[in-house]
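This briefing covers a structure with chains A and B.

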Amino acid sequence: MAFTFAALCYLLALIAVGFCIFFAIYTVICIDELKTDYKNPIEQCRNLNQLILPEYIVHGVYTFLFILSWQLISILANLPLVFYHIYTYINRPVMSGPGIYDPTTILNRSTLSSTLRVSWIKLAFYLISFFYYLYAMIYTLVTST
Amino acid sequence: MSNPPPAPSHVGFPQAFGQQQYQHVQQFSQFAQPPQAAPPMNNGTPAAKPTYAANPFPFPTTSQPNGNHQYQPQYSQPPQPPAPNGHHYSGFPQAPFQNGSAAAAPPPQPLQKTPVFAPAAQYSAPPPPSQQFSAPPGPPQQFSAPPPPQQFQQPQKPSPIPGYPQPPQLQQQQMQQPQNYQQQQQMQQQFGQMNMGGPGAPNQASNQFRSDVIDLMAERNIQQYGFEDIDVSLPTQLANPSAKIDPAIFRSTLQNIPQSEELLKKKDVKNLNIIQTTNIVRCRYCRTYINPYVIFPDHRHWRCNLCTRGNDLPDDFCWDPTTKSFGDPRNRPEIQNATVEFIAPSEYMLRPPQPAVYVFLIDVSISAIQSGYLRAFSEQLIVNLDQMPGDDRTQIAFIAIDQCLHFYSFNSTKRGPSEMVVDDIDDAFVPTATSLLVPLKTYKDVIRTFIKDIPSIFSVGPTSNGNCVGSALKIVHSMIAEIGGRISIFQVSMPNLGPGALKNREEPGEKGGQNLGPATDFYKALSLECTGNQVCIDLFMFNSTYADISTLSEVAKFSTGCVYVFPNYNIAQDAYQVKRFEKTFTRYLTRKIGFEAVLRIRTTRGLSLSGFHGNFFVRSTDLLALANVNPDSALAAQVALEEKLPGHVCFQSALLYTSSKGDRRIRVHTMCLPTTGDLLQLYNHFDLKATVSYLSKIGVDRAMAGGALSDSREALVNAVVDSLGAYQKAMSRGGSMLVPRSGHLRLFPSYVLALLKHPAFSSARGLKLDERAAAMMMLRFSPLEQILSDIYPRLYRLNDLALPTCCDESSWPHPLALSFEYIQRDGIYMLEAGNAAYVYISSQADPQFLQQVFGGNYQEIHENSLIERDNDVSRRVFAFFKHVTLFRFYLGPIVIIKEHAANRELFVRRLVDDRTESTHSYIEFLQHLKREINN
């Protein structure tokens, strides 16, 4: 049993994915508040937009670490999400600050529900990743000689 | 419908209504057995109904029941089958028909193109045929289809028809049909014999016999059937089923609600009931305002029509303020009228009502001086200064923009203002805290003199070609953020300095569609901030070169602003735009205005609002924030169906605003519509006016959000293909394009074709980007009437006005189809097309008419020939012009176009049913649609 680079990657990813879970939960809560309470969409979007780039970067970094340590399953699981992130950020509405949410369109029923759906899916994905990384870290620690 | 038959509601299935509902199946299946086809019997539909008398913009066609009478002489032969139960149709002396059986798809009769007018009184009695097919007031829950919810969650579903599930009830009816059909046939024979015996029967019968569908491929002149509004009837158990909302204010794309549908709403009203009451009665649960469609189980309670829960009625609600007596709560004005306005108590205020604040941002860069718009601006502003809405607290400010900001500080009531120039536009500041925004009343004389001097102040001295409107807007916003108000921008050049500077994005030879989205989000962010502070920004554009309207208009888009564009404005060369600007600006200054408004739309449970289109900021899922409201804008809302609906559904919009007089008011519009489960019923209640406006708004929003223009165009075609296709399927007959005679479906293809040729969606080359953006903004916020006449202009033949017997108020010329087919060589025509009105004179027009109206022969007519002259014909013609242009402030002065003149293209371009190099003609478009449907 040795503390390999792969195990280190999993350890870091474990911490990082914890942050991502927090971001996803926060997004779900914010969008739901928009839907049910009379929150101001401008403020709500500002709060959400602040977290977009950190989340994308954190996710990108640990995916990159997996590529370095060549953890094939983790790479395959994360690459689609990386591409999705890049795609959404390129196609974001015209805005000067960082972020992807536009307060003028977010309250359209279709936008709102699709945003909510995306954040739920992401939350589920991060949760599953969290447990998989935990398992994979222990597995690499135990199997490596 | 004032007195619908008493429906034993919610119990069983009354015979009369079963029969009526059934007939729609019957009436369309008749084509399986063509010759003996029978028109439906409509025992249950009363004849007389109140029409929308209060409609402020009546369509000229609506005064005539379909305008059919003109074709009477054509159809005097008796038809082959004797009209069966013709006595039901005695109200329709001159109904057009197509040889009795539409199934045979006869070749089009050579229709007489010249309408022969007859005295109106003769035709005032018959109700419009569309009423024949109005909704049965029976227990509609029997027919309300329970649609699968996921089917209606789709965003932006322009036409709800395609996925329409056949309700089981309807299928049952179809199974019963053969047996009933025999009975009907027996009756027909009996009635037929009776009719045959009567004197004059054949002639009468020919008129009475009519089919209920029109074949679009065979019937060219689709305009002849008119375009009147559809009437609906409501269940009697409501408190006041006869109360109707003015369709100019609040209308639905479907007058019978099946499932997903959209609403269009205008914030404009003419006849208003203002109520001052001690307590405003609202539903305890959903906060709905009491309205004519609630149910009174007894005199102590009322049941909310939106959430169906019971409420107590306050004691004083039985007090009738108009007669000053206690009595029936139904006599209250809230119950009597579908539109009411409450003067709100202090609970409805977050802060004391704001004063009216007007700020004028005028461009004085070199191109602005060259265009000379300041002259018209100052003239009109002086004239209308006293008419601007507002109380004694009204405040006003002026800021001129070129490469720096010029502030005008009014310090004394005697001396003129002192000018302060701020040239640090990147980090601009307000030079003085007071005296820039001053009360109009105190400084009226100084302000008057200043406005008068504006053109001369800026005609001399150094000018620059810089423009820093972005920085000016930021400063002005900070100046009036505490109060709110209205900023009017007069912009000639593209902003090229400071924050919000723009670059030329116009690409030569572009096909269209690119760069319709904003270049920067500076203006959007600014406009959102402004909305938060109740500041509205309106934009007047006078540019002759590219000025990026698509980006600049963002300031208006989210702050409830208006955008008015006067391309190539030049005081010396283009008197037309000058006059149009004067007219628009006068209306702009003097029209009513409301401040710090919020609009909430409530719907019956089972429906929910899923999208909004227009200029405002969506504050919450059902709440819109409007910094200013004015009577000349409209918005659309999309409604999604979530669960099974009751027999009728209601929509209530409540607009809370501060009037210019400084009191808080709530304007409540309620609309009630019956529901139906019958697909054909649905088609009969398809409201094209609202639909076209809605489709155009969706298309504009899509294109301006960065979507490809071709997608929007495709979506428009798909909308008409889907709805027509579903109808052909329901009729299960191929080979032709059938549309119901009632309802508006028959006009759908021609309007969509016109929309495809409209500058907003046209794929023609050579269209300027700004021109397209301006057209899109117009579609985005303008009221229905303006949009409709811009999309499908109205063409009138004026020759008949020469006949002394011809016309009076109620029988003006009817609109013709927009094709050269209807332009005759001796004709004189008027075309009302969006913001322009034209008079077209053919070279061989009657010289006497020309002499009387234009004061000369064809050669002598010039652009100023159109003045009212002292003879009957001229007076009649001008009365007609007035009738057409009344209330349409956006219409420019009437332009004379001679057949051989250079500006003929202006007229020809608007004949949208004809083909051009790159576009279909109407017939080609129909064939294209047919191919699409058959695929």
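UniProt, in an unreviewed entry, lists "domain: Zinc finger Sec23/Sec24-type" at residues 280–316 of chain B. In this predicted model, that span of chain B is 0% helix and 16% strand. Its end C-alpha atoms lie 11 Å apart.

**Nonpolar cores**
- The largest nonpolar core holds 218 residues.
- Within this core, the residues that touch the most other members are V359(B), L361(B), I399(B), A472(B), V476(B) and Y751(B).
- Apart from its neighbours within four places in sequence, A472(B) is in contact with L361(B), I399(B), I401(B) and L405(B).
- There is also a second, separate core of 15 residues, whose members include V17(A), F23(A), Y62(A) and A136(A).

**Transmembrane annotation of chain A**
- An unreviewed UniProt entry assigns the feature "transmembrane region" to residues 7–29, 61–87 and 123–142 of chain A.
- Residues 7–29 of chain A are 100% helix and 0% strand, with end C-alpha atoms 33 Å apart.
- Residues 123–142 of chain A are likewise 100% helix and 0% strand, and their end C-alpha atoms are 29 Å apart.

**Contacts between chains A and B**
- On the chain A side, 13 residues are in contact with 17 residues of chain B.
- Two helices of chain A, α2 (41–69) and α4 (109–143), each supply at least two residues of the side that touches chain B.
- By type, the residues on that side of chain A are 7 nonpolar, 4 polar and 2 charged.

Technical notes: Residues are numbered from 1 along each chain as its sequence is written. Chains are lettered from A and ligands numbered from 1 in the order in which they are written. This is a predicted model: local features need pLDDT of at least 70, side-chain atom pairs count only at pLDDT 80 or more; totals for chains, interfaces and linings use all residues. UniProt positions are given in the numbering used here, feature names are shortened, and annotations may be inferred rather than shown by experiment. Helices (H or I, at least four residues) and strands (E, at least two) are DSSP runs, numbered from the N terminus. Two residues are in contact if their C-beta atoms, placed from the backbone, lie within 7 Å. Ala, Val, Leu, Ile, Met, Phe, Trp, Tyr, Cys and Pro count as nonpolar, Asp, Glu, Lys and Arg as charged, and the others, Gly among them, as polar. A nonpolar core is a set of buried Ala, Val, Leu, Ile, Met, Phe, Trp, Tyr and Cys residues joined through C-beta atoms within 7 Å. A residue is buried if 20 or more other C-beta atoms lie within 10 Å of its own, exposed if 12 or fewer, and partly exposed in between; C-beta atoms are placed from the backbone.
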